[in-house]
Amino acid sequence: MTGSKHFSENQFTLKEVFQNLGEWFAYFLSRWKILLLAGVIGIGLGALVSKFKKPVFHAETSFVLEEGDSGGIGQMSGLASLVGVNLGSLGSTSGLFQGDNIMELYRSDRMLGETLLSEFSENQLLIDRFVEFQELDRKWASKVDFESLDFSIPRENFSVTQDSVVKEVAKLIRENQLAVAKPDRKLSIIQVSISSKDEQFAKVFNEKLVEKVNSFYLETKTKKNGGKSFYSPNSGR
């Protein structure tokens with residue numbers, strides 16, 4: 001009898017479940033207009049976001065820093081090899097280019113500033129391109145008159161305003177668009193990436209930044225070796 005009673009209770013519970021499901025179905029059916037309207041609004045909002053939200057493009061360079069100074073090739077030789085430079089005769093590397101220092105060099109105001117003042121196209125610098133697509137001329141209109149600024153002149157002739165703009169733009173890129181990382185701390189692989197809503201800017205800036213760090217390294221090594229020049233890289237301007 002106990003078993004029959006237990007079976008009966010189970011049957012009652014299952015019936016109750018189906019009743020509840022039926023009630024919920026009837027409720028949603030009675031509100032079909034509201035649910036349909038909510039679905040249409042959701043789809044519409046999603047379409048608007050996808051239409052007006054600009055995609056973000058990524059440009060990335062990965063390279064290996066060789067360990068040790070065997071044959072006179074230091075940790076920076078892997079980086080320099082990106083531009084086809086053989087560093088075998090340049091001597092040992094400085095501590096400046098070891099460990100995390102190279103990562104900080106990529107984030108420095110000097111390297112970012114020099115990169116921004118490099119050519120984006122025949123008639124435009126990277127900093128001009130950045131100001132254009134980020135609409136800084138409108139956002140900073142109350143502080144900066146961009147029409148009066150010519151960043152193509154020698155930097156030693158820059159005004160205080162021009163220097164400030166370069167530093168502020170470099171800061172924006174460092175904080176929002178630049179990523180320098182070692183994916184695996186055990187390996188000597190470094191990745192430098194730029195994220196931007198301007199695809200061509202991301203590509204050119206990434207290439208120019210790597211080029212500038214290479215040039216800085218080679219110039220530093222030349223000075224350490226008595227001023228003898230082994231390679232004269234293109235400055236990018």
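The protein exposes about 15000 Å² of surface, of which carbon and sulfur atoms supply 55%. Of its 237 residues, 35% count as buried. These values come from a predicted model, and the confidence of the prediction therefore deserves attention before individual residues are discussed.

The average pLDDT of the protein is 76, and 67% of the residues score at least 70. Over residues 68-94 the pLDDT is below 50, although this stretch has 68 contacts in the model beyond near neighbours in sequence. Residues 1-10 also have a pLDDT that stays under 50, and for them the model has zero contacts beyond four places in sequence. Where pLDDT is low, the predicted coordinates should not be read in detail.

The secondary structure comprises nine helices and five strands. Their order along the sequence is α-α-β-α-α-α-β-β-α-α-α-β-β-α. Among contacts between residues at least 6 apart in sequence, 61% join residues at least 24 apart.

Helix H6, spanning residues 126-133, is mostly covered, with six of its eight residues buried. The buried positions are Leu 126, Ile 127, Arg 129, Phe 130, Val 131 and Phe 133. After the helix comes Glu 135, which has a positive phi near 55°.

Asn 206 lies in helix H9, which covers residues 199-224. Is Asn 206 buried or exposed? Asn 206 counts as buried because its relative accessible area is 3%, which is under the 20% limit for that class. The side chain of Asn 206 forms a polar contact of 2.4 Å with the side chain of Thr 61. Neighbours within four places in sequence being left aside, Asn 206 is in contact with Ala 59, Glu 60 and Thr 61, and also with Val 192, Ser 193 and Ile 194.

Thr 161 belongs to helix H8, formed by residues 160-176. This residue counts as partly exposed because its relative accessibility is 36%, a value between the limits of 20% and 50%. Which residues does Thr 161 touch, not counting those up to four places away in sequence? The contacts of Thr 161 on this basis are Val 144 and Leu 149. Phe 146 is 15 residues from Thr 161 along the chain, and the C-alpha atoms of the two are separated by 9.8 Å.

Note on methods
Residues numbered from 1 in each chain as written. Predicted model: local features only at pLDDT ≥ 70, side-chain atom pairs only at ≥ 80, totals over all residues. Heavy atoms only, no water. Helix = DSSP H or I, 4+ residues; strand = E, 2+ residues; numbered from the N terminus. Buried < 20%, exposed > 50% of the residue type's maximum accessible area, 1.4 Å probe, protein only. Contact = heavy atoms within 4.5 Å. Areas by Shrake-Rupley, 256 points an atom, 1.4 Å probe, with all protein chains shown as cover. pLDDT = per-residue confidence, 0-100. Polar contact = N/O pair within 3.5 Å; in protein donor to acceptor, adjacent residues only side chain to side chain.
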